[in-house]
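Reader: I am new to this structure and would like to know what stands behind the terms used for it. Please take me through them one at a time.

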Amino acid sequence: MVPRREQRERRRQEILGEALRLFVRKGYAATKVSDIAEAVGMSTGLMFHYFDSKEKLYEELVKLGVEGPMGMVGAMAAEGDALSFFEGAAAGIMGFLRDEPAMADMFVLMGNALRDEAVPEGARTLLAGLDVHTPTAEIVRRGQREGTIREGDPVALSIAFWCAIQGIAEELALNPDMPCPDSAWIVDIVRKR
């Protein structure tokens, strides 16, 4: 028998997964709590036992979308040489996109959240903490000193790297049957030749 706490957490994850799918497909404003409840086979009232509101549910998804990349950049930045950071980041993300199709939806959600004026204030506050370019530019500078990263503006190279990943993720979210590009191709954006 599954402990109640574990069962509740599984149900919570199911709600987050369906909410992610619906927010990506319909947008924040058009998605209703009742749509999410129906997708997971529960009453709207029961949904509020898991999340206080649609805003809080959306904020939880945005929080995950901010913590993931910021945690990865922070954890990997201190390890090894600069090129290893880019190789590890690209391989890890491409692996997730191949193995966990919902990961592509998270990239779409975050891209939409950054552009959508209807996003709740709590989510906007969380989004203010999403800045992969500042730490990545520092890694680029380190790699340029090491001789492994190409010359060029470090922020521009960071933008090229992360936007390539964002674009690939969005394409895979729209067309899940498309092949996932090789991570080495993405690393070649920053690799010194």
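**Terms and values**

Author: F23 and Y58 are both buried. This is a predicted model, in which local features need pLDDT of at least 70, side-chain atom pairs count only at pLDDT 80 or more, and totals for chains, interfaces and linings use all residues. Residues are numbered from 1 along each chain as its sequence is written, and side-chain values use heavy atoms, with hydrogens and water left out.

Reader: Why does V24 count as buried?

Author: Buried means under 20% relative accessible area, exposed means over 50%, and partly exposed is in between, with a 1.4 Å probe and protein chains only. V24 has 15% relative accessibility, so V24 counts as buried.

Reader: Where is V24 found, and what does V24 touch?

Author: V24 is found in helix α1. Helices are DSSP runs of H or I with at least four residues, strands are runs of E with at least two, and numbering starts from the N terminus. Leaving aside residues up to four places away in sequence, V24 touches D105, V108, L109 and N112. Contact here means heavy atoms within 4.5 Å. From V24 to R8 there are 16 residues in sequence and 24 Å in space, C-alpha to C-alpha.

Reader: What makes F23 and Y58 an edge-to-face pair?

Author: Rings of Phe, Tyr and Trp (its six-membered ring) pair if their centres lie within 6.5 Å; planes under 30 degrees apart count as stacked, over 60 as edge-to-face and the rest as tilted. By this rule there are 6 aromatic pairs. For F23 and Y58 the ring centres are 4.9 Å apart and the planes are at 90°, so the pair is edge-to-face. F23 lies in helix α1 and Y58 in helix α4, 35 residues apart, and the pair links these distant parts of the chain.

Reader: How do you know that the pair of F85 and F86 is edge-to-face?

Author: The ring centres of F85 and F86 are 5.0 Å apart and the planes are at 80°, so this pair is edge-to-face. F85 and F86 are both buried. Ring pairs also join F85, F86, F161 and W162 into a cluster.

Reader: Why is the contact between R10 and E6 called a salt bridge?

Author: A salt bridge is a side-chain nitrogen of Lys or Arg within 4 Å of a carboxyl oxygen of Asp or Glu. The side chains of R10 and E6 meet at 3.0 Å, N to O, so the pair is a salt bridge under that definition. Both residues lie in helix α1, 4 residues apart, about one turn of the helix. R10, at 48% relative accessibility, counts as partly exposed, and E6, at 40%, counts as partly exposed. The count of salt bridges comes to 12.

Reader: What does the salt bridge between R191 and E87 tie together?

Author: The side chains of R191 and E87 meet in a salt bridge at 3.4 Å, N to O. R191 lies in the segment after α10 (183–187) and E87 in helix α5, so the pair ties together parts that are 104 residues apart in sequence. R191 counts as buried at 18% relative accessibility, whereas E87 is partly exposed at 33%. A network of salt bridges links E87, D188, R191 and R193.

Reader: Which helix holds both R141 and E138?

Author: R141 and E138 both lie in helix α8 (residues 133–146), 3 residues apart, about one turn of the helix. Their side chains meet in a salt bridge at 2.7 Å, N to O. R141 is partly exposed, with a relative accessible area of 30%.

Reader: What makes a space a pocket and not a cavity?

Author: On a 1 Å grid over the protein atoms alone, a cavity is a set of points where a 1.4 Å probe fits but cannot get out, while a pocket is an open set with protein on both sides within 12 Å along at least five of seven lines; lining residues have an atom within 4 Å of a point. The largest pocket has a volume of about 910 Å³. Among its 29 lining residues, G65, P69, M106, F107 and M110 are the closest to its centre. Helix α6 gives the largest share of this lining, 8 residues.

Methods: Points joined across faces, edges and corners; volume = space filled by probe spheres on them.
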